[in-house]
Amino acid sequence: MTLIHAAHELRLHQQTALTPRLQQSVKLLQMSALEFNQEVRQALVENPFLEEDEESAATASQAPDGADASAAQAAQAAVAAPASAPGDDGNPAGYSGDYPSARRANDGAPMDMGLWVGASVSLQERLDQELRTYRLSPRDRLLAQYIVQALDDDGYLRQPLQELADPSVFGAPPDESEWRAALRLVQQLDAPGLAARDLRECLALQLQGLDAQRPGVALASRIVEQHLDILARHDYEALQHALGCSESSLRQACEIVRSLDPRPGRRYDEAPPAYIVPDVIVREESGQWRVYCNRGAVPQPRLHRVYADLFRTTRYRDRGPMAQELQEARWLVRNVEQRYSTIQRVAEAIVRLQHMFFEYGPVALRPLMLREVSAELDIHESTVSRATANKYMATPMGILEFKYFFSRELATDTGGSCSAGAVRALIAELIDNEDPRMPLSDVALASRLAADGIVVARRTVSKYRAQMKRPPAEMRRQY
């Protein structure tokens, strides 16, 4: 006879479940201002227990001392979205210049919403706009424009460089080195991979824009440079043998290659208009930097008291659906205020921690991480991350993404530290003050920084210079 023993095991575990209200709160917090605007407007249309508080909106556009109205006139703008999202590596995402008027102008007239929308542009128009931001000699600019105009719809340069222009157009025919320098300039404009001569070069340019320390990038570069034909045949066994790597490393590298865009020029035909509305406005008042939420850009929802009172006096049997809508209306009103409060607190913490930036500019940008703001406000780091994602701040120096102020720390040889943003500002200052007849190479820039106690690699200098849209030394030379 066989005895079967059944074992019963009791396990205790904790599970966190977000209530519907908390789920909505998290959802609203991580939205951009435009997404938030659409969400609130949709709720106002669909929920009978909500109405727009026009009095609060009018008050927000006038107080304090016209802060929202006057600052928003210089803030709400139709500008192109950044090509890559900045993060802890300190990539800048600042915007400055002349901006259209606010949602409510000083005379109270509503703003034409079309001013917010950025007109779609072609690949050539986009690159030509970027070329205008570079200080180039007429000859170098003309060479770069010839290359830009020769790009096909996929973003490739199919023609030989020497055949792009009639040599008689130039006083002296450009040599191969001049064409190569112009090509390198165009290849660093906007999205990586443009102006490549073939698929291998296109993918290699995109890999150069990735973090070299990221696992799999170095192996992916070897695949693109040496074994792209084997990858095209999907012969992974032969590819692993040729590279001498593990199966997991190969899989990781292949995933990176597959994530690259073989036709980078196509995105310009499909990209929708992009526009930005700042979430907060920073102004200097009486020697102090103040932060105000840009409430005038979003309708202010409030509970429709008449409908809510009527609902409470009804005695219908089936009150479930209407009761649910009333509850959702209350949640939305509370969560909208919670969103404003959290974003303002985070913005105020950023301004406090980066107050030297507002006084002296980018050169004074200090290293800052999300966890430092989290500790300052005693809130979870994930909340700070949501409150800074796709959020923008209108400042006297232009419209800046919240993430712009989070810059990684770089050590100095004196034992101190500085931010990546400050290093970029120093590089820009060195380039602006250089002798145009003898411009500083990336190696020379790295040496100048080292002399000031900031040790960075030449490759890092090249990366930061390209981010600031500064051409290489040979393109900056003026004869």
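Modeller: Gladly! Keep in mind that this is a predicted model. We can begin with Ser286, which sits in the loop that joins strand S3 (280–285) to strand S4 (288–293). Its phi is near 55 degrees, a positive value in a residue other than glycine.

Colleague: Why is Ser286 called exposed?

Modeller: The label needs a relative accessible area over 50%. Ser286 has 80% relative accessibility, so it counts as exposed.

Colleague: And what is the phi of Ala195, and is that residue buried or exposed?

Modeller: Phi of Ala195 is near 65 degrees, again a positive value in a residue that is not glycine. The loop between helix H7 (176–187) and helix H8 (199–208) is where you will find Ala195. Buried means under 20%, and Ala195 has a relative accessible area of 0%, so it is buried.

Colleague: Now the helices. What makes H11 and H12 roughly perpendicular to each other?

Modeller: The axes of helix H11 (residues 236–243) and helix H12 (residues 247–258) cross at roughly 110 degrees, coming within 10 Å. The range for the label is 65 to 115 degrees, and H11 and H12 are therefore roughly perpendicular. On the H11 side the contact is made by Tyr236, Leu239, Gln240 and Leu243, and on the H12 side by Glu247, Leu250, Cys254 and Arg258. Sorted by class, that contact has five nonpolar, one polar and two charged residues.

Colleague: How do H19 and H20 cross, and which residues make their contact?

Modeller: Helix H19 (residues 420–432) and H20 have axes that come within 11 Å and cross at roughly 115 degrees. Their crossing is right-handed. H19 brings Val423, Leu426, Ile427, Leu430 and Ile431 to the contact, while H20 brings Leu445, Arg448 and Leu449. By class there are seven nonpolar, no polar and one charged residues in the contact of H19 with H20.

Colleague: On to charges. How do you know that Arg465 and Asp442 form a salt bridge?

Modeller: The rule asks for a side-chain nitrogen of Lys or Arg within 4 Å of a carboxyl oxygen of Asp or Glu. For Arg465 and Asp442, the closest N and O atoms are 2.9 Å apart. Arg465 belongs to helix H21 (residues 458–467) and Asp442 to helix H20 (residues 442–451), so the bridge ties together parts 23 residues apart in sequence. At 5% relative accessibility Arg465 counts as buried, and Asp442 is buried with 14%.

Colleague: What about Asp279 and Arg339: how far apart are N and O in their salt bridge?

Modeller: Their side chains meet at 3.7 Å, N to O, and the cut-off is 4 Å. Asp279 lies in the loop between helix H13 (267–270) and S3, and Arg339 in helix H15 (residues 320–353), a link between distant parts of the chain, 60 residues apart. Asp279 has a relative accessible area of 7%, so it is buried, and Arg339, with 4%, is buried too.

Colleague: Which parts of the chain does the pair of Arg126 and Asp190 link?

Modeller: Arg126 and Asp190 form a salt bridge at 2.9 Å, N to O. Arg126 is in helix H5 (residues 123–131) and Asp190 in the loop between H7 and H8, 64 residues apart. Both Arg126 and Asp190 are buried.

Colleague: How many salt bridges does the count come to?

Modeller: The count is 20.

How values were computed: Residues numbered from 1 in each chain as written. Predicted model: local features only at pLDDT ≥ 70, side-chain atom pairs only at ≥ 80, totals over all residues. Heavy atoms only, no water. Axes fitted to C-alpha atoms, helices over the stretch in contact; angles between N-to-C directions. Helix = DSSP H or I, 4+ residues; strand = E, 2+ residues; numbered from the N terminus. Parallel < 35°, antiparallel > 145°, perpendicular 65-115°, else oblique. Contact = heavy atoms within 4.5 Å. Nonpolar A, V, L, I, M, F, W, Y, C, P; charged D, E, K, R; others polar. Buried < 20%, exposed > 50% of the residue type's maximum accessible area, 1.4 Å probe, protein only. Left-handed = near helix turned anticlockwise from the far one by under 90°.
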